[in-house]
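Here is a short report to read alongside the model. Please keep the sequence and the 3D view open as you go.

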Amino acid sequence: MTDALRSVGDVHRARNLAQRLLVDLPERWRHTIGVARRAEMAAATVGPRSEGEILLTAAWLHDIGYAATLHDTGFHPIDGAHHLETTGWPSRIVALVAHHSAALYAAQTRGLTEKITRFPREQSRVSDALTYADQTVAPNGRVINLEQRLADMLRRHGPDSPNAAAHQLRTPLLRAAVVRVQHRLAMVDHLPSAA
Ligand SMILES: [Fe+2]
């Protein structure tokens with residue numbers, strides 16, 4: 001199988017796996033569908049089509065670690081990445097899931113630094129677009145802006161949560177990634193269309 005065919009296949013496989021794992025979490029599944037749609041829209045900012053397929057695969061898989069069957073550390077980016085790693089997914093997808101939306105900072109506040117840093121942290125147009133997609137879709141799948149998303153996160157997790165403790169360090173990185181993608185989307189909109 002060619003790389004191109006394999007990556008298209010991975011997108012379908014990722015969708016099916018996420019749907020199966022999140023069957024008992026309908027709101028998380030709605031959020032995942034919203035993030036995948038948003039990632040499709042942002043795929044124009046990541047370069048070649050193969051990069052867009054990596055983005056979309058990671059978008060479908062990014063929250064599978066919420067599935068009760070995958071619970072290990074209790075931190076969904078690591079639990080999701082661990083499952084993908086042990087079931088043979090490409091290492092780049094595994095690492096994108098582990099580090100999605102600047103997960104490193106929330107991992108640190110949970111004492112999970114060692115467990116997350118064994119996955120390489122990609123900083124690229126793809127990781128930016130994944131952050132953009134995740135941080136502009138509400139838990140119920142609706143599109144919202146980053147500030148609404150951050151406020152909602154603090155409300156849901158509570159002021160004493162590890163997420164709230166990571167908030168100060170993580171937020172500037174999330175804002176910067178979202179702004180970069182918005183800028184890239186604006187540039188794409190202004191490109192002359194192909195004949
Ligand atoms: Fe998410």
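## About the model

This is a predicted model, in which local features need pLDDT of at least 70, side-chain atom pairs count only at pLDDT 80 or more, and totals for chains, interfaces and linings use all residues. Residues are numbered from 1 along each chain as its sequence is written, and side-chain values use heavy atoms, leaving out hydrogens and water.

## Fold and dimensions

The protein chain has 10 helices and 0 strands (DSSP runs: H or I of at least four residues for helices, E of at least two for strands). Its C-alpha atoms fill a box of roughly 55 × 35 × 30 Å along the principal axes.

The radius of gyration is 16 Å, which agrees with the value near 16 Å for a compact globule of 195 residues; the rule is 2.2 Å times the number of residues to the power 0.38, over C-alpha atoms.

## Burial and contacts

Of the 195 residues, 50% count as buried, meaning under 20% relative accessible area with a 1.4 Å probe, protein chains only. Among contacts (heavy atoms within 4.5 Å) between residues at least 6 apart in sequence, 67% join residues at least 24 apart.

## Annotated region

An unreviewed UniProt entry gives the annotation "domain: HD" for residues 28-114; such annotations may be inferred rather than shown by experiment. Residues 28-114 are 64% helix and 0% strand, with end C-alpha atoms 27 Å apart.
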